[in-house]
Structures are given as C-alpha cells and as structure tokens.
Amino acid sequence: MRMLGDAVGLDNSSLYRHFASKTELANAVLDRVAGSFLAAIETNIDPSRPVTLAALEEIAAAAGVYFFDRPSAARLMLHWVMSIGADGPGFGVSVPVTDTNRPGGRLLGLLREWLARGVRSGALRKHAMPDAVIILLGAVLLRPATYGHLLASMEPKRSRIAARKAWESELRAAVRGAFAP
C-alpha cells in the first residue's frame, strides 16, 4: 500500500480511508478491469447474437487484442481466474465468479451461457463446464499476460505489432481446434 500511495502521490493512510485492505483494493481494480473489458466485447456476446464457430473466433480475437494491448490487465484477470480466494495463504482476489452483480461474474455468466447455447445448437463442440470457459480464458489471457516477460528468451526479434498479429492468428486457430464440432 505504501508503494501504491507513493506512485499516486498519496500517503498510504489515505488509501486505507477508501479501501479497508489490499484485497478490497485489488477487488475494486478487478471490477474496473473486468468492467472495461466487458464493455469492449459485450456486443459480441449479446444473447441475441447467433452462436457460430466464426462468432466465437471473433470474440476470442477481440478479447485477445484487447488484452495484448493491456498486458497488466491480462495478468490481473489471469490471477483472478487462478485465485485461491481471500481465505487461502498469501494475497488472493476474492471476487466470486458467480456474483453476476459484479463485472467479472457477469462476464463469465454471459460466456458460459453463450457457449452452452452454441453446444445446444450444434455450432460448438461440447466441453464440460466450467472447462469450456477455462479453455477459452486460458487461450485469451496467457499469451498477453506473458508477452515480454515469461517468454522473453523465446521471443523472436520482431515488432510488437507483428507479434500481436501472429498471436491473433494462433488464437483463432486454437479456438477453431478446441471448439469446432
């Protein structure tokens, strides 16, 4: 909290007037990131939109590009997906995925229902739930979250734009491979 306070020009005690704990602050940041992401792709996962493999590919590509341009948001969302919650050891994000009043829960609820409709219509391969959502989020989040960090020694000498374009192509192929009926 002290480092964050220094970064924004506030005393850390000022932060505690707005947030009771680091977890509460992290949950607020997660709500903000998930809300911004949901606003960016919500029209793509509109329940009235027909579910097709091509539409899922477009959703994944839009999500992938969004997070590729925002790697810290991708890392935060990945942390949330992998979180052990507030009761586990160390720091944990505790926004429940079932809380549809919050942006993250609403996002996952929309994705879960959209994928289930695709399975029912025969447009998408059936996966167990929540595995289908995890496959999709893993494909969308992992590459942007690690670009320039975990895989730095494996990155070819290419521009960020070229890496983004190559990754989007691979993401589309992964979605087709994982969800084609």
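Colleague: How many aromatic pairs does the count come to?
Modeller: This is a predicted model: local features need pLDDT of at least 70, side-chain atom pairs count only at pLDDT 80 or more, and totals for chains, interfaces and linings use all residues. Residues are numbered from 1 along each chain as its sequence is written, and side-chain values use heavy atoms, with hydrogens and water left out. Rings of Phe, Tyr and Trp (its six-membered ring) pair if their centres lie within 6.5 Å; planes under 30 degrees apart are stacked, over 60 edge-to-face, the rest tilted. By this rule the count is 4 aromatic pairs.

Colleague: How many residues apart in sequence are the parts that Phe37 and Tyr66 tie together?
Modeller: Phe37 and Tyr66 form a tilted pair, 5.2 Å centre to centre with 50° between the planes. Phe37 sits in helix H3 and Tyr66 in helix H4, so the parts tied together are separated in sequence by 29 residues. Helices (H or I, at least four residues) and strands (E, at least two) are DSSP runs, numbered from the N terminus. The separation asked for is 29 residues.

Colleague: Is Phe37 buried or exposed?
Modeller: Buried means under 20% relative accessible area, exposed over 50%, partly exposed in between (1.4 Å probe, protein chains only). Phe37 has a relative accessible area of 3%, so Phe37 counts as buried.

Colleague: What is the angle between the planes of Phe37 and Phe67?
Modeller: This pair is tilted too, at 4.5 Å centre to centre. Phe37 is in helix H3 and Phe67 in helix H4, so parts 30 residues apart in sequence are tied together. The angle between the planes is 40°.

Colleague: Which residues does Phe67 touch, leaving out those up to four places away in sequence?
Modeller: Phe67 is buried, at 1% relative accessibility. Ring pairs link Phe67 into a cluster with Phe37 and Tyr66. Contact means heavy atoms within 4.5 Å. With residues up to four places away not counted, Phe67 touches Phe37, Ala73, Ala74, Met77, Val140, Leu141 and Pro144.

Colleague: What covers the buried residues of H5?
Modeller: H5 has 12 residues and reaches 16 Å from first C-alpha to last, close to the 16 Å expected. That expected span is 1.5 Å times one less than the number of residues. Its buried residues are Ala73, Ala74, Leu76, Met77, Leu78 and Trp80. Their cover includes H3, H4, H6 and H7.

Colleague: Which backbone oxygen does the side chain of Thr146 reach?
Modeller: Thr146 lies in helix H7. Thr146 is buried, at 9% relative accessible area. At 3.0 Å, its side chain reaches the backbone oxygen of Leu142.

Colleague: What percentage of the protein chain's residues count as buried?
Modeller: The protein chain has 8 helices and 0 strands. Among contacts with a separation of 6 or more, 69% join residues 24 or more positions apart. Of the 181 residues, the share counted as buried is 39%.

Terms used:
Polar contact = N/O pair within 3.5 Å; in protein donor to acceptor, adjacent residues only side chain to side chain.
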